[in-house]
Amino acid sequence: MTLPPPYDPATVFAPEDDPAAARARVFIAPQRYVQGEGVLDNVGRYLRLLNVRHVGILMSARGQSSEGPRVRQSLASENIEGTCCDFNGECSLDEIEAHRDALADRVDCLIAVGGGKCVDAGKSIAFRLGIPVVIVPTLASNDAPCSALSVLYEPSGIYAGVEFYPQSPALVVVDTALVAAAPERFLVAGMGDAMATWYEARACLTNPNGVNGVGTRPTIASYAMGEACAHTLFEEGVRASAAVRGQMVDESLEKIVEANTLLSGLGFESGGIALAHGIAKSCTALSHVREHYLHGEMVAIGTLVQLALESRLEEVQKVARFFVSVGLPANLAQLSLDVADASDMNTLIEGTMDWPHTLNMPFVVDAGMIRDALVEFDKIGTSVIGEFGDDTYRRLHLDSP
Ligand SMILES: [Zn+2]
């Protein structure tokens, strides 16, 4: 089979020979977003929107035995055939191409059921097969479900780049009962990823040359979503964590799942990202961080660094307090990093300088500023942890996911 050509959104929305095009405002979104307790059982019915007959179901072997029967039952009730394929854990080109080959010419839709890497792999496979993708996240640990892009990794887990797609997911179906049954640390990591949304969108908006994921200016809608996302986290984050500890779905959990998935997902893709994600990406180059921490936990530290670099020290305090309250890392030590380790600090600084979205910051950033921000945020974060304690962080990190 022939591969679709790689898709570069800039060639459509912001080509180099048409500088005016990048001044346009572009908003990117999935066709439908459904969230609620038990909606997994309705997946087959929602597929009526797509008129498909034979779908691939990408999920981990564990997922195939836990949620798999419900998905297959739901498809069967609509006379849709399902073909299972086991996701082996890494969103790498090796894994993506193996599934593409296995499913080629057999399915007219792909459902990806799982965490961030599984849903990102699903988008990539569906793009290669030229079919719509349906995303069923089982965690609210990241903002991958709604976006038209995948973060790719080497088979070893090192960040390898981003792939963009001309289509957003056709459907995103979030069953909050699945989220409530997952470990608390996943929901909390999702809050770390989500908290960056507003601060990165604000940087992008403030910089007259700041651009979003497709190379154009953000809309009011996207930054309003980022702002609503941050407010929701501050107001409901602690209560939603308690709901997950009790494995129950309540209004707080519904709000936080929407913040982590919809508001953050649409907010980051259409509103733009900035330095916070550059720090997070650079963390994946350090094996002792990559192997023990989740994306959202690295983004949490990135957000504090970005705010310190913007000299928004009151916000560093406020956000660090929130992180401590839900158990996200609030200083370098809580991410197994040390400001005195010159080699690790240089990895973070150089990686962030190379990160293209660092250019979305509203002023020119240099290595010295990132170094100062690392020192500054670490001091504030450490004092906040000293004041409010690290009980929640310790509890979440006792048994790592
Ligand atoms: Zn992220």
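Q: What share of contacts between residues at least 6 apart in sequence join residues at least 24 apart?
A: The share is 79%. Two residues are in contact if their C-beta atoms, placed from the backbone, lie within 7 Å. This is a predicted model: local features need pLDDT of at least 70, side-chain atom pairs count only at pLDDT 80 or more, and totals for chains, interfaces and linings use all residues. Residues are numbered from 1 along each chain as its sequence is written.

Q: Why is Leu374 called buried?
A: A residue is buried if 20 or more other C-beta atoms lie within 10 Å of its own, exposed if 12 or fewer, and partly exposed in between; C-beta atoms are placed from the backbone. Leu374 has 23 other C-beta atoms within 10 Å, so it is buried. Of the 401 residues of the protein, 55% count as buried.

Q: Where is Leu374, and which residues is it in contact with?
A: Leu374 sits in helix 16 (residues 367-388). Helices (H or I, at least four residues) and strands (E, at least two) are DSSP runs, numbered from the N terminus. Leaving aside neighbours within four places in sequence, Leu374 is in contact with Val305, Val339, Met345 and Leu348. Val305, on the same terms, touches Leu275, Ile279, Ala373, Leu374 and Phe377.

Q: What makes a nonpolar core, and which members of the largest one touch the most others?
A: A nonpolar core is a set of buried Ala, Val, Leu, Ile, Met, Phe, Trp, Tyr and Cys residues joined through C-beta atoms within 7 Å. The largest has 123 residues; Leu58, Leu110, Ile111, Ala112, Leu304 and Val305 touch the most other members. Helix 8 (residues 184-206) supplies the largest share, 14 residues.

Q: How do you know where this core lies relative to domain 1 and domain 2?
A: Both domain 1 (32-179) and domain 2 (183-398) give residues to this core, so it lies between them. Domain bounds come from an automatic or database domain assignment. A second, separate core of 6 residues includes Val26, Ile28, Leu149 and Val214.

Q: How many residues does each domain give to the contact?
A: The centres of domain 1 and domain 2, taken over C-alpha atoms, are 26 Å apart. The contact takes 21 residues from domain 1 and 27 residues from domain 2. On the domain 1 side, helix 7 gives the most, with 3 residues. By class, that side has 12 nonpolar, 7 polar and 2 charged residues. Ala, Val, Leu, Ile, Met, Phe, Trp, Tyr, Cys and Pro count as nonpolar, Asp, Glu, Lys and Arg as charged, and the others, Gly among them, as polar.

Q: How do you know whether the radius of gyration agrees with a compact globule?
A: The radius of gyration is taken over C-alpha atoms; the globule rule is 2.2 Å times the number of residues to the power 0.38. With 401 residues, a compact globule would have a value near 21 Å; the protein has 20 Å, so the two agree. The C-alpha trace spans about 60 × 55 × 35 Å along its principal axes.

Q: Why is Ser311 called exposed?
A: Ser311 has 12 other C-beta atoms within 10 Å, so it counts as exposed. Ser311 lies in the loop between helix 13 (295-309) and helix 14 (313-326).
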